[in-house]
Amino acid sequence: MTQTNIPRHRRNEIKYIVFLTLEHSHSISIPVEIKRITRSFKNIRLISYSKQMKKMNITYNQMLNYAETNDACTDYYKDANMYYIYYNDIAPNIVKSNRYRWNIAHELGHVLLRHHINNDKTRIFRNSLSTDEYNILENEADYFAQLILVPHVALLGFKVNTVNQLRTICKISNPASKRRYYEYMDWKSHINKNDAYDNRIFKYYYNFIFKKKCKTCNAKLIQRYGKFCPICGSKNTLQWGDGEMIYSKLDTYGNGKLKECPNCKNEETDIKGDFCQICGQNLINKCVNEKCKNLEVLPSNARYCPLCGAYSSFYQDDLLKAWNYNDYQNSSDEFLNIPDGIDTELPFN
């Protein structure tokens, strides 16, 4: 069976549950932190085979008999409303290939799609269900695992173009990555920009996909477009990842307009227009290059336009200092009002 055998309304339900799962876990990472996501639910216990073997003082073969599977299984205890997911962390072919990650996601799918509750089962196994019932539940759990481990719209941001790229980024097995890659390419050829699920996932992963660091000033940025660092103006120095320097932003409203005029200190700025109604100071940070196609409001700490590299209006108006400005180093005798000929050396070491 494939996902196309799942009715459209049910696929939409599963997609929504995947999104709610991500939101609940507060885990924003690729590869997806499936263990952390699973453990974010208070009524789910994620237990490795090795840990359970130690607890029960049993051998690996005995553990396989206990679980009745070489991959993973889930026990549901109705009275306590508790789920125990057991996964194989011993078999080399499962661990080294990262198949255990899919197994955990698959079992989490069974739990969150309420398969145990709806079918009144302690475990989801073939011999306890009809063939059709079992196939439907397995297909839905696989679809859940596919959606949560291989978020298509996020991969689009990383420009995934090969099976190996997808396998490495998503940390799934080689056989699974081949299937998922062809599904991804098919989705990519029919992208619907108005798809509600894709838009939710894109917004959820946005800061992760577009986080950047500048090799020159080590700025920590969220930037989707442009080759210029908006802090130091360097070109082609941005890399994906976490920077260390967070350059302070001026306090603005959601539309990017300053809450207080830096010139006259007027605080009543939440009105229509880009300028202070008291002194005429520009309160919106924009690129000053009239030929630049960037019409977006720049972050309030941007010294440069990320598209063309020109000054920002805040930097041009001296509302922002240079990224490497140092008050001590830039102080001078003139600034300190020390007359010529005065010995500024201290009389002691």
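**Buried residues, salt bridges and cores**

Ala67 is buried, having a relative accessible area of 0%; here buried means under 20% relative accessible area, exposed means over 50%, and partly exposed lies in between (1.4 Å probe, protein chains only). The structure is a predicted model, in which local features need pLDDT of at least 70 and side-chain atom pairs count only at pLDDT 80 or more, while totals for chains, interfaces and linings use all residues. Residues are numbered from 1 along each chain as its sequence is written, and side-chain values use heavy atoms, with hydrogens and water left out.

Ala67 belongs to helix 4. Helices (H or I, at least four residues) and strands (E, at least two) are taken as DSSP runs and numbered from the N terminus. When residues up to four places away in sequence are not counted, Ala67 touches Tyr49, Cys73, Arg123 and Phe125, a contact being heavy atoms within 4.5 Å. Between Ala67 and Glu140, which are 73 residues apart along the chain, the C-alpha atoms are separated by 21 Å.

The structure holds 10 salt bridges, each defined as a side-chain nitrogen of Lys or Arg within 4 Å of a carboxyl oxygen of Asp or Glu. One of them joins Arg123 to Glu68, with 3.2 Å between the closest N and O atoms. Arg123 sits in the loop between helix 7 (115-118) and helix 8 (131-149), and Glu68 in the loop between helix 4 (60-67) and strand 2 (72-77), so this pair ties together parts that are 55 residues apart in sequence. Arg123 counts as buried because its relative accessibility is 12%.

Asp75 is found in strand 2 and is buried, with a relative accessible area of 4%. Apart from residues up to four places away in sequence, Asp75 touches Tyr66, Met82, Tyr83, Tyr84, Tyr86, Thr122 and Arg123.

A further salt bridge brings together the side chains of Asp71 and Arg99, at 2.5 Å from N to O. This pair links distant parts of the chain, 28 residues apart: Asp71 is in the loop between helix 4 and strand 2, and Arg99 is in helix 6. Asp71 counts as partly exposed at 22% relative accessibility, and Arg99 is partly exposed with a relative accessible area of 28%.

Helix 6 itself covers residues 99-112, 14 residues in total, and reaches 20 Å from its first C-alpha to its last, close to the 20 Å expected at 1.5 Å a residue. The expected span is 1.5 Å times one less than the number of residues in the helix. Helix 6 is mostly covered, with 13 of its 14 residues buried. Just after helix 6, Arg114 takes a positive phi of about 60°.

Asp242 and Lys211 also meet through their side chains in a salt bridge (3.2 Å, N to O). Asp242 lies in the loop between strand 6 (238-240) and helix 13 (313-316), and Lys211 lies in strand 4 (residues 211-214), so the pair ties together parts that are 31 residues apart in sequence. Asp242 counts as partly exposed at 45% relative accessibility, whereas Lys211 is buried at 13%. Elsewhere, salt bridges that share partners join Arg10, Glu13 and Glu140 into one network.

In soluble globular proteins, nonpolar side chains tend to be buried together. A nonpolar core is a set of buried Ala, Val, Leu, Ile, Met, Phe, Trp, Tyr and Cys residues joined through side-chain atoms within 4.5 Å. The largest such core has 54 residues, and Ile148, Leu149, Leu166 and Tyr205 have the most contacts inside it. Leaving aside neighbours within four places in sequence, Tyr205 is in contact with Leu22, Ile28, Ser29, Ile30, Val32, Pro151 and Ala154. A second, separate core of 9 residues includes Met53, Ile58, Tyr86 and Phe125.

A search of the whole structure finds 0 disulfides, a disulfide being a pair of cysteine sulfur atoms within 2.5 Å. For Cys276, the closest cysteine sulfur is that of Cys264, at 3.6 Å, too far for a bond. Cys276 is buried, with a relative accessible area of 4%. The sulfur of Cys305 has its closest cysteine sulfur in Cys292, 3.7 Å away and likewise too far for a bond. Cys305 counts as buried at 0% relative accessibility.
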